[in-house]
Amino acid sequence: MTFAETFHTLADNIEHVVKGKRDTIELALTCLFSEGHLLIEDVPGTGKTTLARCLAASIEADFARVQFTPDLLPSDITGVTVYRQNTGVFEFLPGPVFANIVLGDEINRASPKTQSALLEVMEERRVTADGTTHPVPRPFMVLATQNSVDMGGTYPLPEAQLDRFLMRITVGYPDHASEVTVVKGAGTTPESLAPVATAREVAELIEAAADVQVADALYDYLVRVVAATRSLPDVRLGASPRGSVALLRAVRVRAASQSRPYAFPEDVKALAGPVLAHRLILTPEAELSGRTGTDVIEEVLATVELNSGARL
């Protein structure tokens, strides 16, 4: 199958369980094929964990789930080195992070020390233990969930951790018809889904997406969009060059998912919010007035234009 066919076959499969959320599903898949990590943030009961489990179930790959709790230790995630008395050598026992898809459920319930155990592996795709590095498999994706209203006993994710997530998305409540369908088919679970792609196929398509052509004018536009987040009075800290690179990867995947060999400015506009908004730190005054990172991105997209006369 082509990139677009595989992409939409996966989306169709997930939609058997996650009803009425096609746009959200496609964003999650865009993140997967961009070789990035996904943070799903929403109120309880909207299907955050279900979406993550459905994505994992749709791919024939290693899957691990970690329920984050205050007493979770870093070694519970990355693994631990043990001494084998019968052989007289130290052996590294890999933790759940050594899977293709890792679900970190309620990630903000773990202590900052445990959260930081993911920093290296999310950025460098390897774990260092006792001076030895251990690579994780490819594809590798961390899907993390957190509730946006249940703050009791939680530890907010630091900026360095947020910046390692390629996207932050919400699921939201379904529309009436979709919720009726969900209630009627309450027995439909992620476990009922059959895989429609393999880890090897996903890895090959990640490579294929990198071949999507991007014109110099679009590079210029994308970077100006990101740079504009750093100069607004409501923003204390704008998106970094890591955000520019992340947006470019996502733009290429969106173009490939629509069977296009080249990217459009519309791809940048469609993905700037999910990729950039969570990377912004607003001023206290802006936060008190109710401004959000998404509002800032919308303002940037409304003011930054493609250079006149540019060729795409």
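Visitor: How is the angle between two helices defined?
Guide: Axes are lines fitted to C-alpha atoms, and the angle is taken between N-to-C directions. This is a predicted model. Here helix α1 (residues 3-15) packs with helix α11 (residues 241-257) at about 95°. Their axes are 8 Å apart.

Visitor: Why do α1 and α11 count as roughly perpendicular?
Guide: Angles of 65 to 115 degrees count as roughly perpendicular. The angle is about 95°, so α1 and α11 fall in that class.

Visitor: Which residues of α1 and α11 meet?
Guide: From α1 come Phe-3, Ala-4, Phe-7 and His-8. From α11 come Val-253, Ala-256 and Ser-257. By class, that contact has five nonpolar residues, two polar and no charged ones.

Visitor: How many salt bridges are found in the whole structure?
Guide: The search finds 21. One of them joins Asp-105 and Arg-65, with the closest N and O atoms 2.6 Å apart. Asp-105 is in strand β6 and Arg-65 in strand β3, 40 residues apart.

Visitor: Is Asp-105 buried or exposed?
Guide: Buried means under 20% relative accessible area. Asp-105 has 5%, so it counts as buried. Arg-65, at 42%, is partly exposed.

Visitor: Where do Asp-163 and Arg-279 lie?
Guide: Asp-163 is in the loop between α7 and β10. Arg-279 is in the loop between α12 and β13, 116 residues apart from Asp-163. They form a salt bridge, the closest N and O atoms being 2.8 Å apart. Asp-163 and Arg-279 are both buried.

Visitor: Which residues are linked in a network of salt bridges?
Guide: Asp-12, Glu-15, Arg-22 and Glu-26.

Notes:
Residues numbered from 1 in each chain as written. Predicted model: local features only at pLDDT ≥ 70, side-chain atom pairs only at ≥ 80, totals over all residues. Heavy atoms only, no water. Axes fitted to C-alpha atoms, helices over the stretch in contact; angles between N-to-C directions. Helix = DSSP H or I, 4+ residues; strand = E, 2+ residues; numbered from the N terminus. Parallel < 35°, antiparallel > 145°, perpendicular 65-115°, else oblique. Contact = heavy atoms within 4.5 Å. Nonpolar A, V, L, I, M, F, W, Y, C, P; charged D, E, K, R; others polar. Salt bridge = Lys/Arg side-chain N within 4 Å of Asp/Glu carboxyl O. Buried < 20%, exposed > 50% of the residue type's maximum accessible area, 1.4 Å probe, protein only.
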